[in-house]
Amino acid sequence: MTGSVLVVGGVSWDTIVRLDRLPEGRPQTVFAKGARETVGSTGAGKAMNLARLGLPTTLHALLGEDDPGSRAQAALREAGVRLVTERDPAGTERHVNLMDDAGGRLSIYAQPATFEPAIDLPALESLAASHDHVVVNIMNYARRLLPALRAAGREVWCDLHDWDGRNAYHSDFVEAADRIFLSADALEDPRAAMERIVAAGKRLVVCTFGRDGALALTGEGRWIRIPAVPGVAAVDTNGAGDAFFAGALFGHVRGYPVERQLRAGAVVAAWCVRSTELAHPELSASRVEADLEALDE
């Protein structure tokens with residue numbers, strides 16, 4: 001199975017602020033334990049992990065003609081990601097992420113991306129056709145690619161993040177995707193939601209539970225429970241879900257059975273949280289395979 005991957009959408013320049021605990025909803029002064037700036041967002045996280053795992057990876061994204069955009073591009077290229085960018089007139093998307101010691105996060109969109117940007121849709125469709133696998137993130141502009149992917153019979157991978165199972169914004173992505181990942185954060189009944197998704201004809205749905213691992217349901221109705229990798233001392237949980245997604249896609253490209261694909265996802269997520277970056281600088285395919293073999297013992 002060949003392995004070039006196109007990831008569509010999702011780059012920001014982030015300020016990460018570390019706190020003892022997330023602030024309560026009242027006026028107050030809070031002293032941070034530290035702060036740093038880095039590349040962020042879901043497309044960057046997926047693409048950087050996939051590239052470090054050795055898969056030829058292209059990321060299509062909107063960026064401003066500004067210093068944050070230049071810094072984001074440099075970080076992505078250093079990780080081995082091929083970038084195809086289009087201009088966002090609002091400037092590069094910027095987030096402020098407040099992180100507590102328990103791994104909790106409050107994300108503030110300090111500079112949102114343009115909701116309806118002008119893009120070269122024929123060029124994006126051609127780009128998708130030239131890659132073996134397509135990941136469509138839930139950026140609004142990315143939904144314009146979905147009709148062409150469906151018409152071509154392409155398999156679509158999609159991460160719905162903290163979808164609550166009802167928000168209509170996600171409907172196009174849910175309908176078009178074949179392999180769906182989401183977190184349990186906003187779901188009242190994750191199993192029921194997963195059953196509804198699979199009943200709509202999906203090949204796989206995966207729900208992540210943070211440190212409690214992940215639960216998957218295949219198109220054939222088989223439930224698979226995947227624990228988190230034990231004994232991991234987390235440094236920073238930013239991007240763990242995107243790393244899990246990337247590891248599972250890596251396993252799929254390698255031809256692993258579904259359960260091993262998801263275990264690869266857990267391994268890559270474990271590498272992610274041991275680093276302050278979206279993709280651990282020492283991550284590689286050989287290290288993931290070694291970790292999988294160790295878990296088999």
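## Helix packing and sheet order in a predicted model

The model is predicted, with local features requiring pLDDT of at least 70 and side-chain atom pairs pLDDT 80 or more, while totals for chains, interfaces and linings use all residues. Residues are numbered from 1 along each chain as its sequence is written, and side-chain values use heavy atoms, without hydrogens and water.

The axes of H1 (residues 42-52) and H7 (residues 240-253) come within 8 Å and cross at roughly 40°; axes are lines fitted to C-alpha atoms, for helices over the stretch in contact, with angles from 0 to 180 degrees between N-to-C directions. Helices (H or I, at least four residues) and strands (E, at least two) are DSSP runs numbered from the N terminus. The two helices contribute the following residues to the contact (heavy atoms within 4.5 Å).

| Helix | Contact residues |
|---|---|
| H1 | Thr42, Gly45, Lys46, Asn49, Leu50 |
| H7 | Asp242, Ala243, Phe245, Ala246, Leu249, Phe250 |

These residues divide into 6 nonpolar, 3 polar and 2 charged (Ala, Val, Leu, Ile, Met, Phe, Trp, Tyr, Cys and Pro count as nonpolar; Asp, Glu, Lys and Arg as charged; the others, Gly among them, as polar).

An open sheet of 4 strands has the order E3-E2-E6-E7 with mixed pairing (a pair needs at least two DSSP bridges). Strands E3 (34-40) and E7 (105-111) are at the edges with a single partner strand each, so one side of each lacks a neighbour in the sheet. Strand E2 (residues 12-18) pairs with E3 in the antiparallel sense over 7 bridges, and Arg18 has Gly34 in E3 as its bridge partner.
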